[in-house]
Amino acid sequence: MNLFKGEFCTGCGVCVSESEQVIKMDWDEYGFLKPVTIDGAIPRAAMKVCPFNPEPEAVVADEDQLAAIFLGQATKRDAEIGCFEGTYIGYSRQFRNSSSSGGIATYLFKQLLQEKIVDHLYVVREVKGGYEYQLFSNVEDIKRTSKTRYIPITLEKLFTEINKIEGRIAVSGVACFIKAIRLKQYYYPDLKNKIPFLIGIICGGWKSRFFTDFLAQHAGISGSYHNQQYRIKDANSMASDYSFGAYDEMDVFYQMKMSTVGDMWGSGLFKSKACDFCTDVLTELADVSLGDAWLPEYRTDGLGNSVIVTRTSLADQLIKKGILNGDLELNMVNKDKIIESQRPSFLHRQNGLKLRMRHAKSRGYVLPYVRKRMLKSISIVYSIVQLQRQVTREKSLRYWRSTPSLEAFHYKMYKELKRLRLVTRIYHKMRKLKML
Ligand SMILES: Cc1cc2nc3c(=O)[nH]c(=O)nc-3n(C[C@H](O)[C@H](O)[C@H](O)COP(=O)(O)OP(=O)(O)OC[C@H]3O[C@@H](n4cnc5c(N)ncnc54)[C@H](O)[C@@H]3O)c2cc1C
């Protein structure tokens, strides 16, 4: 059995459901879950549900077409937001403290179960100290499903598991996972009834397992770790001033502020290559999209606030009902606030795409199909930033694979990260002076 050689795969695992005898998921050398087949190729039939398919069927080729099929009833449309009903910012009174951000995902999942809109959830939970997608149905215990996990997980088993159970299921996922589920629903329309609600987790990049190894070492753990927590809030500080923590082999808990490790998101460290070819910033294909309110007016609230985009009338009703009965402390906001909260992601993912496509093509890659309207020209300075981000992303994975030690990694990455900081500073200065 060989690992799939495709560079543009986040390991959603939905292809497995199309070819169970041929494909299974396994870890690759860079700490990502990838499909494995006899010859290292994914059968054409399975590629049809791949969110990074280079040759998709024309009618479902991209997010815009899928949105027209699944969210065509939405009353509003926007080039950056997608199809939508409402835009909100705030939190759940009951779940914010024990959640990653405003606790809206946990709140909505609870309502979906309580109101019998679905019978089960397919969410990411702890298993033997790690994290995996699992079925969950116990509404009383809903807090056990809270918090987002930044380690590879896969939907490999979703479609076999739901075939075995009665009832309907709600699923949470980042944009590419949600796209794969929509593709599956397009080819198997019965699945629309079986999975009537999708919660989209706005994603700034899919991280390798190396990311967590790196954080655990930074926190002071030298061996293996378990039950890691990625978003430990500090109510007395800023929303972005959260901590990472994990238990070592002796069950001692180690914790450190994420601010001590530097920029892990803008630099692209340990990120999947596929993410640089995903144009969906706001999980445009979910029923509701949830992210962090990275906005000046919310930054000082250490417990965090969620940005919310409802895309179906059901999602919007659930949110409005929560506001009316006092469960949710939310403000209805202008859509531009949501875009502003994810501005760096829009700039990188959409504006920088054309350059990255050209660069990858020149290196001989077969590229995923992308929305043509996203292809924009950028300044020379921003092109240099883009190219340097690619270097840091690639080298971070390569260096950690060869020497998974903090000291060696810092030593090897020092020059590249310094160069990235320098070109980014020049770029920001020029933008501020309106020279770009
Ligand atoms: C890889 C990744 C990148 C992210 N990048 C950004 C970003 O760039 N900008 C931004 O604003 N927000 C980002 N987020 C989302 C943000 O951090 C919050 O987690 C999100 O807004 C949900 O907050 P909440 O308090 O409503 O969720 P909670 O109430 O804490 O519930 C989270 C739900 O998500 C499920 N879950 C956990 N991990 C995953 C996973 N990996 N995939 C799918 N479901 C999962 C849990 O089971 C739970 O049901 C990212 C999340 C992830 C996982």
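Student: Is Ser-306 buried or exposed, and what is its relative accessible area?
Tutor: This is a predicted model, and in it Ser-306 belongs to strand β15, which covers residues 306–310. Leaving out residues up to four places away in sequence, Ser-306 touches Tyr-88, Ile-89, Gly-90, Ser-101, Gly-102, Gly-103, Ile-104, Gly-291 and Ala-293. Buried means under 20% relative accessible area, and Ser-306 therefore counts as buried, with a value of 3%.

Student: Where is Ser-237, and which side chain is joined to its own by a polar contact?
Tutor: Ser-237 sits in the loop between β11 (225–232) and β12 (243–248), and with a relative accessibility of 18% it counts as buried, because the limit for that class is under 20%. Not counting residues up to four places away in sequence, Ser-237 touches Thr-300, Asp-301 and Gly-302. The polar contact between side chains is 2.6 Å, and it joins Ser-237 to Asp-241.

Student: How far apart are the C-alpha atoms of Asn-334 and Thr-87?
Tutor: Asn-334 is placed in the loop between β16 (328–332) and α10 (335–341), where it is partly exposed, with a relative accessible area of 47%. A polar atom of the Asn-334 side chain lies 2.8 Å from the backbone nitrogen of Asp-336. Along the chain, Asn-334 and Thr-87 are 247 residues apart, while their C-alpha atoms are separated by 6.7 Å.

Student: What is the distance in space between Phe-210 and Ala-79, C-alpha to C-alpha?
Tutor: Phe-210 lies in helix α7 and is buried, with a relative accessible area of 6%. With neighbours within four places in sequence left aside, Phe-210 is in contact with Glu-29, Tyr-30, Gly-31, Phe-270, Leu-397, Trp-400 and Arg-401. Phe-210 and Ala-79 are 131 residues apart in sequence, and their distance in space is 35 Å.

Student: How are helices α7 and α14 oriented to each other?
Tutor: Helix α7 (residues 209–219) and helix α14 (residues 406–432) have axes 10 Å apart, and Phe-214, Gln-217 and His-218 in α7 meet Leu-406, Phe-409 and His-410 in α14. By class, that contact holds 3 nonpolar, 3 polar and no charged residues. The packing angle is about 110°, and since angles from 65 to 115 degrees fall in this class, the two helices are roughly perpendicular.

Student: And how are α11 and α12 oriented to each other?
Tutor: Helix α11 (residues 343–351) and helix α12 (residues 353–362) pack with their axes 5 Å apart. His-348, Arg-349, Gln-350 and Asn-351 in α11 meet Leu-353, Lys-354 and Arg-356 in α12, and the residues of this contact divide into 1 nonpolar, 3 polar and 3 charged. The angle is about 40°, and α11 and α12 are therefore oblique.

Student: In the largest nonpolar core, which residues touch the most other members?
Tutor: The largest nonpolar core has 109 residues, and a second, separate core of 15 residues includes Phe-84, Ile-202, Val-307 and Phe-346. Val-171, with neighbours within four places in sequence left aside, is in contact with residues including Phe-109, Tyr-122, Tyr-133, Leu-155 and Phe-197. In the largest core, the residues that touch the most other members are Val-171 and Phe-270.

Student: What is the phi of Phe-270?
Tutor: Phe-270 is found in the loop between β13 (253–257) and β14 (288–292), and at 0% relative accessibility it counts as buried. Most residues other than glycine have a negative phi. Phe-270 has a positive value, near 60°.

Student: Lys-128 also has a positive phi; is Lys-128 buried or exposed?
Tutor: Lys-128 is placed in the loop between β7 (120–127) and β8 (130–136), and its phi is near 45°. Exposed means over 50% relative accessible area, and at 85% Lys-128 therefore counts as exposed.

Key. Residues numbered from 1 in each chain as written. Predicted model: local features only at pLDDT ≥ 70, side-chain atom pairs only at ≥ 80, totals over all residues. Heavy atoms only, no water. Axes fitted to C-alpha atoms, helices over the stretch in contact; angles between N-to-C directions. Helix = DSSP H or I, 4+ residues; strand = E, 2+ residues; numbered from the N terminus. Parallel < 35°, antiparallel > 145°, perpendicular 65-115°, else oblique. Contact = heavy atoms within 4.5 Å. Nonpolar A, V, L, I, M, F, W, Y, C, P; charged D, E, K, R; others polar. Core = buried A, V, L, I, M, F, W, Y, C linked by side-chain atoms within 4.5 Å. Buried < 20%, exposed > 50% of the residue type's maximum accessible area, 1.4 Å probe, protein only. Polar contact = N/O pair within 3.5 Å; in protein donor to acceptor, adjacent residues only side chain to side chain.
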